[in-house]
Structures are given as C-alpha cells and as structure tokens.
Amino acid sequence: MDKISRSKLARHTTRRIIDGEGQAALQELAAYLIDSRRTREADLVVRAIYEELERAGIVIADITSAEGLDSDIRTALAALIGAKEFVPQETIDQQVLGGVLVRTPSRVLDATFARRLAKLREHKV
C-alpha cells in the first residue's frame, strides 16, 4: 500500500467533516493510521486538519482568559479572525490577569494584561 501524505489525509478528512460525515471520517482516519503504523503522526494530521478547516473558514481556536467570555466577545473574536464558523475552546487562567490569548492554527493574538505588563517592563529596563 502506498503511503498517503498527511496533507492529502487532512484535505480528504476535512472535506468529509464539512460534508457532515465527521464521525465516520475520523474513525476511518484513525483506522488508516493504525493499519499503516503511522499513529505517531496523529498529532500532525490533526493539526493539518485544523489548518484545512481554517482555510475553509471554520476556525478552532484555543482561548485563554482570566474569566469566561460572553457571547459578544466571542462574536467579536470570530469577526476579528475572519471566521465563518468559530469553535472556541476556552481555558480559564488567572495568571493572564485579564484580556485574552487566542491561538488558531495560523496565528496567535496575545491581548493579555500579563503580556502588556511584560512589554512595559522590557521598555523600562
């Protein structure tokens, strides 16, 4: 059996997810990775799928903030990153002090107070 590239696997799986066949597509992908002894590549394939989804306007974002975000802020973040569909995965972390840290497959937006304070310290030193 010929080895299928990660990018082809990601494109195929992403198309099926968008077409509403996500569960079956992911099961088949997992079976393929196991059968072809490529399970060590699973994280890389998942990342490639996230990138393909982002190109299609479906953005899965890791969001870290000091407190939960309300729907208005989620809507504003979706517009800021240009998402047709926005899937936030939120983490509460008191160490950010305030603001928000957003990570998507292609970029990072760090608008936390902790980052702003660090920048101020850099400029004063």
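Colleague: What's the strand order in the open sheet?
Modeller: The order is β2-β1-β3-β4, four strands with mixed pairing. Strands pair here if DSSP finds at least two bridges between them. Bear in mind that it's a predicted model: local features need pLDDT of at least 70, side-chain atom pairs count only at pLDDT 80 or more, and totals for chains, interfaces and linings use all residues. Residues are numbered from 1 along each chain as its sequence is written, and side-chain values use heavy atoms, with hydrogens and water left out.

Colleague: Which are the edge strands?
Modeller: β2 (85-92) and β4 (108-112), each pairing on one side only. Strands are DSSP runs of E, at least two residues; helices are H or I, at least four, all numbered from the N terminus.

Colleague: And do β1 and β2 run parallel or antiparallel?
Modeller: Parallel, over eight bridges, with β1 covering residues 58-65. I58 has E85 in β2 as its bridge partner.

Colleague: Which helix packs on the sheet?
Modeller: α4 (residues 71-81), touching β1, β2, β3 (99-103) and β4. Its direction makes about 120° with that of β2; axes are lines fitted to C-alpha atoms, for helices over the stretch in contact, and angles run from 0 to 180 degrees between N-to-C directions.

Colleague: Switching topic: where does R6 lie, and what is it in contact with?
Modeller: R6 lies in helix α1 (residues 6-18). Leaving aside neighbours within four places in sequence, R6 is in contact (heavy atoms within 4.5 Å) with R38, E41, L44 and V45.

Colleague: Why is R6 classed as partly exposed?
Modeller: Because its relative accessible area is 35%, and buried means under 20%, exposed over 50%, partly exposed in between (1.4 Å probe, protein chains only).
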